[in-house]
Amino acid sequence: MGKRKYDFAGWVTKNDILCSDGVIIRQDAFKGNDGTKVPLVWNHDYDTPTNVLGHVLLHSLYDGVYGYGYFNDSEEAKHAKSMIEHGDISSMSIGAKRVKRQNNNVVHGEIYEVSLVLSGANPGAMIEFGM
């Protein structure tokens, strides 16, 4: 069985952009997440299992963290995939822990989830390629 093609791809966070929450993600802040897999969630709501839509494979690059998203077979995931395909949503956002800051600069952290959102804090966190 061959490797499954991702359902969408894009920046889960971009470096050196002022986010709406007042922080700036700096280069390599999430370098430790390179090659990791985290849950894909709807709007940071992981209190309900049906809001887990699949997973994202993360890659730390020079400009930020890029992600390849894979939807599960749930009805909620099918709906989210349809919204991406139709262009209704295009933003992503991260949930991070162990965040270290220098003033308003995020210099280290661990991404534990990626969410599809209507509007993310980081204006560069956008889906680039959908099905």
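This is a predicted model: local features need pLDDT of at least 70, side-chain atom pairs count only at pLDDT 80 or more; totals for chains, interfaces and linings use all residues.
The chain holds 1 helix and 8 strands. Read from the N terminus, the elements follow the order β-β-β-β-β-α-β-β-β. The radius of gyration is 14 Å, close to the 14 Å given by the globule rule for 131 residues, so the chain is as compact as a globular protein of that length. Its C-alpha trace spans about 40 × 30 × 25 Å along the principal axes. Of the 131 residues, 42% are buried. Among contacts with a separation of 6 or more, 66% are between residues 24 or more positions apart.

The aromatic residues come next. A pair of aromatic rings is described by the distance of the centres and the angle of the planes. The count for this chain comes to 5 aromatic pairs. In one of them, Phe8 and Phe71, the ring centres are 5.4 Å apart and the planes stand at 40 degrees, so the pair is tilted. This pair links distant parts of the chain, as Phe8 belongs to strand 1 (residues 8-14) and Phe71 to strand 5 (residues 64-71), with the two 63 residues apart. Phe8 is buried, with a relative accessible area of 0%, and Phe71 also counts as buried, at 5% relative accessibility.

Trp11 and Tyr66 form an aromatic pair as well, and this one is edge-to-face, with 5.0 Å from centre to centre and 90 degrees between the planes. Here too distant parts of the chain are linked: Trp11 is in strand 1 and Tyr66 in strand 5, 55 residues apart. Both residues take part in one aromatic cluster, formed by Tyr6, Trp11, Tyr66 and Tyr68.

The charged end of Lys5 sits over the ring of Tyr6, at 4.3 Å from the ring centre. Lys14, in turn, lies over the face of Trp11, 4.6 Å from the centre of the ring.

Strand 6 (residues 91-102) pairs with strand 7 (residues 105-117) in the antiparallel sense, over 10 bridges. The hairpin that these two strands form has 2 residues between them, and Asn103 in the turn has a positive phi of about 60 degrees. Across the pairing, Lys97 stands opposite Glu110 in strand 7.

The side chains of Ser93 and His44 are joined by a polar contact of 2.8 Å. His44 is also one of the residues in contact with Ser93 once neighbours within four places in sequence are left aside; the others are Val12, Glu113, Val114, Ser115 and Val117.

Methods
Residues are numbered from 1 along each chain as its sequence is written. Side-chain values use heavy atoms; hydrogens and water are left out. Helices (H or I, at least four residues) and strands (E, at least two) are DSSP runs, numbered from the N terminus. A polar contact is a pair of N or O atoms within 3.5 Å; within protein, one must be able to donate a hydrogen and the other to accept it, and residues adjacent in sequence count only if both atoms are side-chain atoms. Contact means heavy atoms within 4.5 Å. Rings of Phe, Tyr and Trp (its six-membered ring) pair if their centres lie within 6.5 Å; planes under 30 degrees apart count as stacked, over 60 as edge-to-face and the rest as tilted. Buried means under 20% relative accessible area, exposed over 50%, partly exposed in between (1.4 Å probe, protein chains only). A charge sits over a ring if NZ of Lys or CZ of Arg is within 6 Å of the ring centre and within 35 degrees of the ring normal. Two strands pair if DSSP finds at least two bridges between them. The radius of gyration is taken over C-alpha atoms; the globule rule is 2.2 Å times the number of residues to the power 0.38.
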